Amino acid sequence: MRAEIKKIEGMMEAAEYVTDPAIAMSVHLAMTLKKPLLIEGHAGVGKTEVAKVMAKMLETNLIRLQCYEGLDAAQALYEWNYPKQLLHIKLEESTSHSLTEKEAAIFSPPFLIKRPLLQAISETGTPPVLLIDEIDRADEEFEAFLLEVLSEFQVTIPEIGTIKATQPPYVILTSNRIRELSDALRRRCLYLWIDFPGFEKEVRIVTRKVPGVNERLAREISRFMETVRTIRLAKVPGVAETLDWAQALTSLHADHLDEELVAETLGCVVKDADDVKRLKRELTTGGIARFVAAQS
């Protein structure tokens, strides 16, 4: 392994993120080449955490844009503080300022509300990490607008002028593949797919993230989750559910899994009524042994 990748792995592990060479390489290239990194994968596998860890490693700000259907430029870039502008206009009524002066005053930086994209572009000092979370939830129109902003890292505000980043931010985009992203966006990004962790990696995640969990329980939980993900479910549980379950079991002072305990805490593992019923049937039919292998 290259020394620089090993260094990134060590920094990410120090920031409490259980990583692997592929993730460390992608983070290194995103930081070195200053190119956006598009991370795809199942829900709950740690995509968003990569951006948080990068900000922690670089000791810089994390600016997050949470995407959703209907998100538009005003909500992502900037908007004017209309109540403050109206109040200022009212206060200016009795002054001798000209109309041009009054207009210039209300359309100035103090009345500008910076949304995440403008915050990232206008940040001074150390470049921030800009997290564009769940870009696949936004509309295609917003995706096209985002391409324009990210290509130059600048934005023109008609009343003020062009604001350009002195140092482009580090950009992380995440997607759960709810819809297919455009080829234009993909071409402009480095790409990383984060899959469900393997058994040993998930054990490391549980023991690192859940204080007080014993080794046997951590391994049984990881083996159980590995088996559950092979069953056709409406919503396959991710690492987030693994950690929720491990914390719940630890709070109950459990040191191993049994059928009764699993049945009572399935709400930590699956979040769909039909999935709960199916797993309970599987437990009844095959018993806990089907989910927890002897070597765990």
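So, glutamate 282 and arginine 278: their side chains meet in a salt bridge, 3.9 Å from N to O. This is a predicted model, by the way, so keep that in mind. Both residues sit in helix α14, which runs over residues 273-286, and they are four residues apart, about one turn of the helix. Buried or exposed, this glutamate 282? Its relative accessible area is 18%, and buried means under 20%, so glutamate 282 counts as buried. Arginine 278 is partly exposed, at 30%.

Okay, next pair. In helix α11, residues 215-228, we have glutamate 226 and arginine 223, three residues apart, again about one turn of the helix. Their salt bridge is 3.0 Å, N to O.

How many salt bridges in total? The count comes to 20. Some join up: Glu40, Arg177, Glu180 and Arg186 are linked in a network.

Now zoom out. The chain has 14 helices and nine strands, and 48% of its 296 residues count as buried. The radius of gyration is 24 Å, whereas a compact globule of 296 residues would come in near 19 Å. The C-alpha atoms fill a box of roughly 85 × 45 × 35 Å along the principal axes. As for charge, there are 37 positive and 45 negative, with mean positions 3 Å apart.

Definitions and conventions:
Residues are numbered from 1 along each chain as its sequence is written. This is a predicted model: local features need pLDDT of at least 70, side-chain atom pairs count only at pLDDT 80 or more; totals for chains, interfaces and linings use all residues. Side-chain values use heavy atoms; hydrogens and water are left out. Helices (H or I, at least four residues) and strands (E, at least two) are DSSP runs, numbered from the N terminus. The radius of gyration is taken over C-alpha atoms; the globule rule is 2.2 Å times the number of residues to the power 0.38. Buried means under 20% relative accessible area, exposed over 50%, partly exposed in between (1.4 Å probe, protein chains only). Lys and Arg count as positive and Asp and Glu as negative; His and the chain ends are not counted. The place of a charge is taken as NZ of Lys, CZ of Arg, CG of Asp or CD of Glu. A salt bridge is a side-chain nitrogen of Lys or Arg within 4 Å of a carboxyl oxygen of Asp or Glu.
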